[in-house]
Amino acid sequence: AASGGSASSPMRAGRTAYGPVFRLSPTRLVIASAAAIEEIAEAAGEPPLLRREMEQLVEHSDRDRHATLLLAPSFLFAEGKPLLAGEVAALESPLFEETPDELRALMLSVHFGEDAFYWELSAASAAELTASRLVTMLQQRATRWPEELQLAVIDLVPDPHGRRVVANLPAMARVAARYLRRGVRDRHAVLNGYLPAGAGHNLLMAAELMLAQQSAGVVGGPSGDTGARPAATVAANAPPTSAAEALRRRASVSFSRDTLEMAVKYLADEVGVPIVIRGGDLQLEGITKNQSFGLDQTDQPAEAVLLEILAQANPDKTATGPKDLKQKLVYTVGRSPSGQETIYVTTRAAVKKNGEPLPPAFTP
């Protein structure tokens, strides 16, 4: 039983397995850590202090929506890191990689209507990253999620009861990305979209099942356990001893449309060695790592897959092959500052300027 109290004078009401409990009013309870409860008590019913960007987003919140989450992304990678544990631990790495350093606050709201499901993401950034640039960045990253989900799904061995739901998650994400809209509102980046009424429930269930499978460690099983593997194969268990060995391994990388940056990431994950794009070298030749193309390479030597990626991204489409001098994009092998052998994507001109050896595949 909880003792009475008012919003202006919180009173201890007992403990649960989750921590101390305080009654803020006859209908409001707070369960939190002891330290957080003390802060709530000291606030004496006043609203919590929020960073400026979060306050600005709150002004655009809608109390009629079913759920709204307001978040400072940096919190998840500091004192809020314990939240990314258990089944959601698999989200920590992609969230960290996909979150721009300039991002200060996010607000995600959803509404489950009778005829449609609506979602909206608002984002506030530091002054050096304008809202128009931020919304473009977020949209580009969102359009990559279906392919990244496809790679994650094919590495799972899902339980029979949830296999079809998990397998359909990439397709669900593609539909969501197709109907995504973007804009700028009051200097904030805004992404939103309408989907069929059942989409929200299905997306949530499929994501929860997938995270549960990943946390249980049911990955990397034989292909017979997971059915067809349309996008990629699982890298060999033993890490390669050298970049040369990695390039001899068999690899599969397939996607309908993605960027040069993501294509080399997929291949790096396949062969187990870093593949780094030297962006400055590419810029001197007017080549961008964000250009997009399609690829379908199945069970090929990794070097052949890499050569095809470089051919697809090469600005001069009249190049007849890797030995053609019009093939500006090449790769070379070197060591990173930490001493790890690394494959570098660069240009023929930069390799010549730096006096680096060209692999035989590019030698006329």
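1. Between strand S7 (181-185) and strand S8 (188-196) runs a loop that contains Asp186. Helices (H or I, at least four residues) and strands (E, at least two) are DSSP runs, numbered from the N terminus. Asp186 has a phi near 50 degrees, a positive value in a residue other than glycine. Its relative accessibility is 43%, so Asp186 counts as partly exposed. Buried means under 20% relative accessible area and exposed over 50%, with partly exposed in between (1.4 Å probe, protein chains only).

2. On the source: this is a predicted model, in which local features need pLDDT of at least 70 and side-chain atom pairs count only at pLDDT 80 or more, while totals for chains, interfaces and linings use all residues. Residues are numbered from 1 along each chain as its sequence is written, and side-chain values use heavy atoms, with hydrogens and water left out.

3. Asp299 also deserves a look for its backbone. This residue is found in strand S11 and has a positive phi of about 50 degrees although it is not a glycine. With 42% relative accessibility, Asp299 counts as partly exposed. For background, most residues other than glycine have a negative phi.

4. The protein as a whole has 14 helices and 13 strands. It has 364 residues, of which 38% count as buried. Among contacts (heavy atoms within 4.5 Å) with a separation of 6 or more, 59% are between residues 24 or more positions apart.

5. The largest nonpolar core has 38 residues. Such a core is a set of buried Ala, Val, Leu, Ile, Met, Phe, Trp, Tyr and Cys residues joined through side-chain atoms within 4.5 Å. Leu260, Leu267, Ile309, Leu329, Tyr331 and Ile343 have the most contacts inside this core. Helix H11 gives the most to it, with 8 residues. A second, separate core of 18 residues includes Leu106, Ala123, Val135 and Ala199.

6. How many of the 12 residues of H11 are buried? The count is 9, so H11 is largely enclosed by the rest of the structure. The buried residues are Leu260, Met262, Ala263, Val264, Tyr266, Leu267, Ala268, Glu270 and Val271. H11 reaches 17 Å from its first C-alpha to its last, close to the 16 Å expected at 1.5 Å a residue; the expected span is 1.5 Å times one less than the number of residues. After H11 comes Gly272, with a positive phi near 85 degrees.

7. Ala302, Val305, Leu306, Leu307, Ile309, Leu310 and Ala313 are buried in H13. Their cover includes helix H10 (243-248), strand S9 (250-259), H11 (260-271), S11 (292-301), S12 and strand S13 (341-347). Beyond four places in sequence, Ile309 touches Leu260, Ala263, Val264, Leu267, Phe293 and Leu295.

8. Aromatic pairs number 3 in the whole structure. Rings of Phe, Tyr and Trp (its six-membered ring) pair if their centres lie within 6.5 Å; planes under 30 degrees apart count as stacked, over 60 as edge-to-face and the rest as tilted. Phe112 and Phe117 have ring centres 5.0 Å apart and planes at 45 degrees, so this pair is tilted. Phe117 is buried at 6% relative accessible area, whereas Phe112 is partly exposed at 29%. The Tyr331 and Phe362 rings, with centres 5.5 Å apart and planes at 75 degrees, are edge-to-face. Tyr331 lies in strand S12 (residues 329-335) and Phe362 in the segment after helix H14 (348-354), so the pair ties together parts 31 residues apart in sequence. Both Tyr331 and Phe362 are buried.

9. Ser122 sits in strand S6 (residues 116-125). Is Ser122 buried or exposed? Its relative accessible area is 1%, so Ser122 is buried. The side chains of Ser122 and Arg185 are joined by a polar contact of 3.1 Å. A polar contact is a pair of N or O atoms within 3.5 Å; within protein, one must be able to donate a hydrogen and the other to accept it, and residues adjacent in sequence count only if both atoms are side-chain atoms. Leaving out residues up to four places away in sequence, Ser122 touches Leu57, Ala105, Leu106, Met107, Arg185, Ala189 and Val190.

10. Leu149 belongs to helix H5 (residues 131-154) and is partly exposed, at 22% relative accessibility. Apart from neighbours within four places in sequence, Leu149 is in contact with Leu169, Pro170, Ala173 and Met210.
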